[in-house]
Amino acid sequence: MTAWQMLRFAVGGLVANKVRSALTMLGVLIGVASVILLLAVGNGSSVAVKNSITSLGTNSLTVSSTSARGAATAAKKLTVDDARALASATDTPAIKSVAPVVTTSGTALYGDVSYQVGSIVGTYPAYFETANQKVAHGEYFTADDVLNSRKVAVIGSTTAKQLFDTEDPVGRRITIGGTPFTVTGVLQAKGSTGFNDPDDVVIAPLPTVQNAFTGFGSVNQILVQAASAETTTEAQADITRILMGTHALKDASKLDFRISNQASLLTARESTTKTFTVLLGAVAAISLLVGGIGITNIMLVTVTERTKEIGIRKALGAPRSVILGQFLAESTLLSVVGAGLGVLAGLVGSHFRIVGIQPVVIPESVLGAFAIAVAIGLFFGSYPANRAAALRPIDALRHE
């Protein structure tokens, strides 16, 4: 029997049991689509986090407060004076700019529109360059605005859309917590990471935000821009030296602040997201295994139903290899068609956001899922096929 004839017999066998065959292929389809989509979600999450971190620039450093290890007294918080000490130091060529940052949240009002802003940031103009925040329309606030505590603000694209829709925000006045702010500019969109929206923000002069919301105490963090990506290590050493002086620290092992650079953040986040992706892939692989078990069950039922047919064919001289090949062809055809439809479903599904994340398909996952599904069809179909091929003609013909 030729391969073409064997394929025709296999197709005929599957068509004869349309519902059963469709349900089996559906199991394979779900398994393959799950593998592609879940790995795409994990990869999409990794890409989003990477883009979010690298968007700050490779020469950006973040200083934040932490508990002093082994200290008997409470750790000193970061203050505006710390930022001034960093900015005014004359022996720090590796430090280009410094921006203290306070953050809070609040509800913005414009006319009849009320919107809960994701983040309200109080800072200096240097923040925009350090955090790689570019204005798409309008302009930044200035150092003079900071000195005079003017009630002006630059808003993110999401905030602008929610408050103003298609109206031009520049020059308009919004109210946050009873304080009016005049919008001077709208930032370029960065895009959501899936966990937070960097475009949902209102950025205003530091004294204005402190006076209206946070008070004139500590700051949440200090952003420092190194002169270049190559001088970030030198800048980090300068920051440590200066802040140890302002915080009266003698022991470098008992610092009450932490300095993070984008490279270290990126390495840590990539390690986390890789683990996340592997876990998602493992969960999805279970679906493929279930699909393979489904193929085994269906083929065993098929062999049982067609026992007399097998007996007749063997009595007419059909060799063991022909019977084995036919049932293997049927199980393989089930997995190939199901896997093909699963690939199609996975690729179509990847065009939609899932839990706030835009999936990014890994080409290897498509080929791998398809190949594994076909291999599973062969593996799980081999037992029923061998069982059918091993039947003695006389026993098969007596089967009721």
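Buried, in this talk, means under 20% relative accessible area, exposed means over 50%, and partly exposed lies in between, using a 1.4 Å probe and protein chains only.

First, the ground rules. This is a predicted model, so local features need pLDDT of at least 70 and side-chain atom pairs count only at pLDDT 80 or more, while totals for chains, interfaces and linings use all residues. Residues are numbered from 1 along each chain as its sequence is written, and side-chain values use heavy atoms, with hydrogens and water left out.

The overview. The chain has 400 residues, and 46% of them are buried. It holds 13 helices and 10 strands. Those are DSSP runs numbered from the N terminus: helices are H or I with at least four residues, strands are E with at least two. Contact means heavy atoms within 4.5 Å. Take contacts between residues at least 6 apart in sequence: 78% join residues at least 24 apart. Accessible surface is about 19,400 Å², and carbon and sulfur atoms own 61% of that. Areas come from the Shrake-Rupley method with a 1.4 Å probe; for residues, only the protein chains shown count as cover.

Now F181. It sits in strand β7. F181 counts as buried because its relative accessible area is 1%. Its contacts beyond four places in sequence include V152, I174, A204 and F213. V152 is 29 residues away in sequence, yet the C-alpha atoms are 4.9 Å apart.

Next, helix α6, residues 157-164. Its buried residues are T158, T159, A160, L163 and F164. They pack against β2 (95-110), β3 (113-123), β5 (152-155), β6 (173-176), β7 (179-187) and β8 (201-205). Just past the helix comes D165, with a positive phi of about 55°. D165 lies in the loop between α6 and β6. At 47% relative accessibility, D165 is partly exposed. S149 also has a positive phi, near 50°, in a residue other than glycine. That one is in the loop between α5 (143-147) and β5.

On to charges. Side chains of opposite charge can pair when their charged atoms come close. A salt bridge here is a side-chain nitrogen of Lys or Arg within 4 Å of a carboxyl oxygen of Asp or Glu. The structure holds eight. One pairs R241 with D91, closest N and O atoms 3.3 Å apart. R241 is in helix α8 (residues 232-246), D91 is in the loop between α3 (80-88) and β2, and 150 residues separate them. Another joins K96 to E129 at 2.9 Å between the closest N and O atoms. K96 is in strand β2 and E129 in helix α4 (residues 126-130), 33 residues apart. D145 and R150 form one too, also with closest N and O atoms 2.9 Å apart. Shared partners join D91, D238 and R241 into one network.

Last, the annotated segments. An unreviewed UniProt entry marks residues 21-42, 276-301, 322-348 and 360-383 as "transmembrane region". Such annotations may be inferred rather than shown by experiment; positions follow the numbering used here, and feature names are shortened. In the model, residues 21-42 are 100% helix and 0% strand, with end C-alpha atoms 32 Å apart. For 360-383, the figures are 88% helix, 0% strand and 37 Å.

Where is V348? It is in helix α11 (residues 320-349). V348 is partly exposed, at 45% relative accessible area.
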